[in-house]
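Here are my notes on the charged side-chain pairs. Please read them with the structure open.

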Protein chains: 2
Amino acid sequence: MASDHTRTAILSAAERLYADRGFGDVTLRDIVAAADVNLAAVNYHFGSKDELIAELFVTRSLATNRERLNELKLAEEAGGGRASIDAILRALVGPTLRGCLGPERERSTAARFMIRASIESVPPIRRIKNREIDHLRKFAAAMKRSLPGRSEVDLYWGLHFALAMAHQTIRDSERLTKLSEGSCDLNDVEGVIDRVVAVSVMALTGGETKIAEKVGAQRAR
Amino acid sequence: MASDHTRTAILSAAERLYADRGFGDVTLRDIVAAADVNLAAVNYHFGSKDELIAELFVTRSLATNRERLNELKLAEEAGGGRASIDAILRALVGPTLRGCLGPERERSTAARFMIRASIESVPPIRRIKNREIDHLRKFAAAMKRSLPGRSEVDLYWGLHFALAMAHQTIRDSERLTKLSEGSCDLNDVEGVIDRVVAVSVMALTGGETKIAEKVGAQRAR
DNA sequence: GATAGTTTCATACAATTGTTTGAATTGCAA
DNA sequence: TTGCAATTCAAACAATTGTATGAAACTATC
């Protein structure tokens, strides 16, 4: 490989086009035109369109996961091996939200690409997301250390809900903005993170009896 | 229209195929083959493929919205015009979750179709979802009546988070099952609803000071 | 039972798409 | 320079897809 020029030109053109127009209506011809390379170059360098998309997604995905684990490590070190549940959840949802939210005009191509990936969910990306579980398991383990008294089921539900709130906020920030007529400030990223974390922490700690009673009562029906 | 036979055959074949195999790889030819009608029938009866998909989705969507509003009305009548926040949120997320969750083998075609629609988010469906805001506004109004002391921003966030938890649970129940190695019982639909509602209620009531402090502190940075 | 309107049908259209091919070009090492 | 591998290129391939067409079949009304 003399110089990655063609390869990187394809990658960045593809990321930008997918970010701008979605996976649905961007063709390889659009990409090679924007990258100013030959059509066959995509298959030569990546094998197929899906593998190109996959490479784009794994790159950004691994970066986010690294940030998450790094924040988790810092939190655990600060807590002498046991991080607070607040810090754990913050490490989980913080990098994703910071990466995708914020003033629309300031959003990087990478951010917009990841938002698209979150909304459209095309097959090659779905396949990769399915392998994300090992990564999440590390957070589940940390949560278990942080809240040893809590049942595993509750922890998993808490983790699930935290991710749900974060992802839906990314995916559908527009709806919340419209619904609230702009009064919910999605540009205040740290404020959003605080909200998601606060609710998640409450789900995992505050409502112990409440949830246990309700779910118990439900099951006994 | 002598008999809707062709029309309904197309609708139910399409719903089943989309439910089973997703929007991505079901063609009009697949649908007409399954419905045992002519290819041109789709364009004749629906105008276009997208309009067919739209009709499928609006039908199910309106049904869910009716259920939601009905539950809301019952709750408000029971509370003398002011429903409890618990009941409001239950009316919001209950119908959707009941419609889409439950034992996989017992799921109706309609349920599986709506799960697909939630996962794949194809353009005609996205367009319809964007018009859902008026419907949600009714729940926001009910919540406002139920929790007059709460700021509107908090209410919108609570509504947003409730829907986030419900939808992510539908969209990604598989991940939660795998992550928890089956210990999170997603077949206990009422139990799931209880969890979502309980967390949402806590988000809207329990943590008032906590969230206010945190968000406030954050904003002051 | 003729007629007008509706519905069905086979077929073709037109455009798009990812992929492949084989030759040309380039870059680098011997 | 020569030779070889890597890369680029134009062109074509092959398959799919939604849609349009115009004739045929059907239905119900008068």
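1. A salt bridge here is a side-chain nitrogen of Lys or Arg within 4 Å of a carboxyl oxygen of Asp or Glu. By that rule, the count over all chains is 36 salt bridges. Keep in mind that this is a predicted model.

2. Start with chain A. Lys144(A) and Glu152(A) form a salt bridge, with the closest N and O atoms 2.8 Å apart. Glu152(A) is partly exposed, at a relative accessible area of 38%. Lys144(A) is partly exposed too, at 42%.

3. Now chain B. Arg7(B) pairs with Glu55(B) in a salt bridge, and their closest N and O atoms lie 2.4 Å apart. Glu55(B) sits in helix α4 (residues 49-78) of chain B and Arg7(B) in helix α1 (residues 5-21) of chain B, so the pair ties together parts 48 residues apart in sequence. Both ends are partly exposed: Glu55(B) has 25% relative accessibility, and Arg7(B) has 23%.

4. Which side chain does Glu190(B) meet in a salt bridge? The partner is Arg98(B), at 2.8 Å from N to O. This pair links distant parts of the chain, 92 residues apart. Glu190(B) belongs to helix α11 (residues 189-206) of chain B, and Arg98(B) to helix α5 (residues 85-100) of chain B. Glu190(B) is partly exposed, with a relative accessible area of 22%. Arg98(B) is also partly exposed, with 36%.

5. Last, a network. Arg68(A), Glu132(A), Asp172(B) and Arg175(B) are joined into one network by salt bridges that share partners. Its members come from chain A and chain B.

Methods: Residues are numbered from 1 along each chain as its sequence is written. Chains are lettered from A and ligands numbered from 1 in the order in which they are written. This is a predicted model: local features need pLDDT of at least 70, side-chain atom pairs count only at pLDDT 80 or more; totals for chains, interfaces and linings use all residues. Side-chain values use heavy atoms; hydrogens and water are left out. Buried means under 20% relative accessible area, exposed over 50%, partly exposed in between (1.4 Å probe, protein chains only). Helices (H or I, at least four residues) and strands (E, at least two) are DSSP runs, numbered from the N terminus.
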